[in-house]
Amino acid sequence: MFPLFDSQEKRVSEGFLFVLNEVLKKTENTEITLALNNKSELMPLSLLANIKKDYGDRVTIIKNIKYKQRYSLYASNDLTVWGAMNEGLALVGLNSLCMGTPVIAWDIDPQAEYLHDDINAVLVPCDIDENWFGVPTVLPDWNVFASRLLGLLQSPSMLAKLRDNSSFDLANRKQDFNVGWRSLWRY
């Protein structure tokens with residue numbers, strides 16, 4: 001699953017479409033779900049339409065995704081591919097792990113604090129710059145990202161290991177998360 005429902009433009013670039021195209025071109029059994037919200041202006045939709053046209057039923061594009069629909073998408077996919085080049089709260093990765101789905105993402109904070117390479121995620125090395133506010137921004141090498149993703153997709157045992165680690169004790173983790181979340185709002 002490629003989550004593109006980002007509300008902030010330019011956290012994902014057109015290079016992400018290069019990754020998508022490489023995956024579809026070099027793997028035969030991969031199906032991709034692209035999730036977009038109603039504010040997705042991250043990349044030209046015409047490029048997405050061309051990819052859909054080229055790969056047909058292997059690509060599902062879900063537009064105007066509602067927040068609650070995201071959870072079932074995470075749970076129903078084998079992997080969340082998250083190419084955000086900067087991140088404040090890293091909710092995509094957290095939501096994915098909460099649904100038992102491993103993640104591939106850039107190796108930057110804050111997601112590198114809970115995504116652990118070769119345990120519940122694949123973290124792609126990258127160069128980093130910081131904006132004026134100190135927020136790290138990836139200087140993306142989409143070829144490296146595509147290579148790491150293809151390597152993972154071509155290793156069913158590694159993907160299964162990540163999936164097992166991500167879903168280990170999931171029911172208890174969800175309960176603990178709910179208890180912790182509710183305690184934040186008690187006075």
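## Contacts along the chain

Among contacts (heavy atoms within 4.5 Å) in the protein chain between residues at least 6 apart in sequence, 66% join residues at least 24 apart. The model is a predicted one, in which local features need pLDDT of at least 70 and side-chain atom pairs count only at pLDDT 80 or more, while totals for chains, interfaces and linings use all residues. Residues are numbered from 1 along each chain as its sequence is written, and side-chain values use heavy atoms, with hydrogens and water left out.

The protein chain contains seven helices and eight strands. These elements are DSSP runs numbered from the N terminus, with helices being H or I runs of at least four residues and strands being E runs of at least two. The chain has 187 residues, of which 44% count as buried. Buried means under 20% relative accessible area, exposed means over 50%, and partly exposed lies in between (1.4 Å probe, protein chains only). Accessible areas come from the Shrake-Rupley method with a 1.4 Å probe, and for residues only the protein chains shown count as cover.

## Parallel strands

Strand β4 (residues 80-82) and strand β5 (residues 103-106) run parallel and are joined by three bridges. Two strands pair if DSSP finds at least two bridges between them. Within this pairing, T80 has V103 in β5 as its bridge partner.

Strand β5 also pairs in the parallel sense with strand β6 (residues 121-124), over four bridges. Here the bridge partner of I104 is V122 in β6.

## Nonpolar cores

A nonpolar core is a set of buried Ala, Val, Leu, Ile, Met, Phe, Trp, Tyr and Cys residues joined through side-chain atoms within 4.5 Å. The largest such core has 31 residues, and L20, I104, W106 and F145 touch the most other members. Two or more residues of this core come from each of α1, β2 (32-36), α2 (45-55), β5, β6, α5 and α6 (156-167). A second, separate core has 13 residues, including Y74, V92, L97 and Y114.

The surroundings of I104 can be listed in detail. Not counting residues up to four places away in sequence, I104 touches L79, T80, V81, W82, V122, V124, F145, R148 and L149.

Helix α4 covers residues 91-98, and its buried residues include V92, G93, N95, S96 and L97. Just after α4, G100 takes a positive phi of about 80 degrees.

L94 also has its place in helix α4, but L94 counts as partly exposed, at 32% relative accessibility. Together with Y67, L89 and L91, L94 forms a nonpolar patch on the surface, with about 390 Å² of accessible area in total. Patches are made of residues with over 30% relative accessible area and no salt bridge; like charges are joined within 9 Å, and nonpolar side chains (Val, Leu, Ile, Met, Phe, Trp, Tyr) within 5 Å.

## Salt bridges

The structure holds three salt bridges. A salt bridge is a side-chain nitrogen of Lys or Arg within 4 Å of a carboxyl oxygen of Asp or Glu. The side chains of R148 and D117 meet in one of them, at 3.6 Å from N to O. R148 lies in helix α5 (residues 142-153) and D117 in the loop between β5 and β6, so this pair ties together parts that are 31 residues apart in sequence. R148 is partly exposed at 27% relative accessibility, and D117 is partly exposed at 33%. Salt bridges that share partners join E22, K25 and K26 into one network.

K25 and E22 both lie in helix α1 (residues 15-26), three residues apart, while K26 and E22 are four residues apart in helix α1. An α-helix has 3.6 residues a turn, so residues three or four places apart point the same way. E22 counts as buried, at 10% relative accessibility, whereas K26 is partly exposed, at 49%.

## Tyrosine 55

Y55 has its place in helix α2 and is buried, with a relative accessible area of 18%. Leaving aside neighbours within four places in sequence, Y55 is in contact with N21, L24 and K25. Y55 and E31 are 24 residues apart in sequence and 9.3 Å apart in space, C-alpha to C-alpha.
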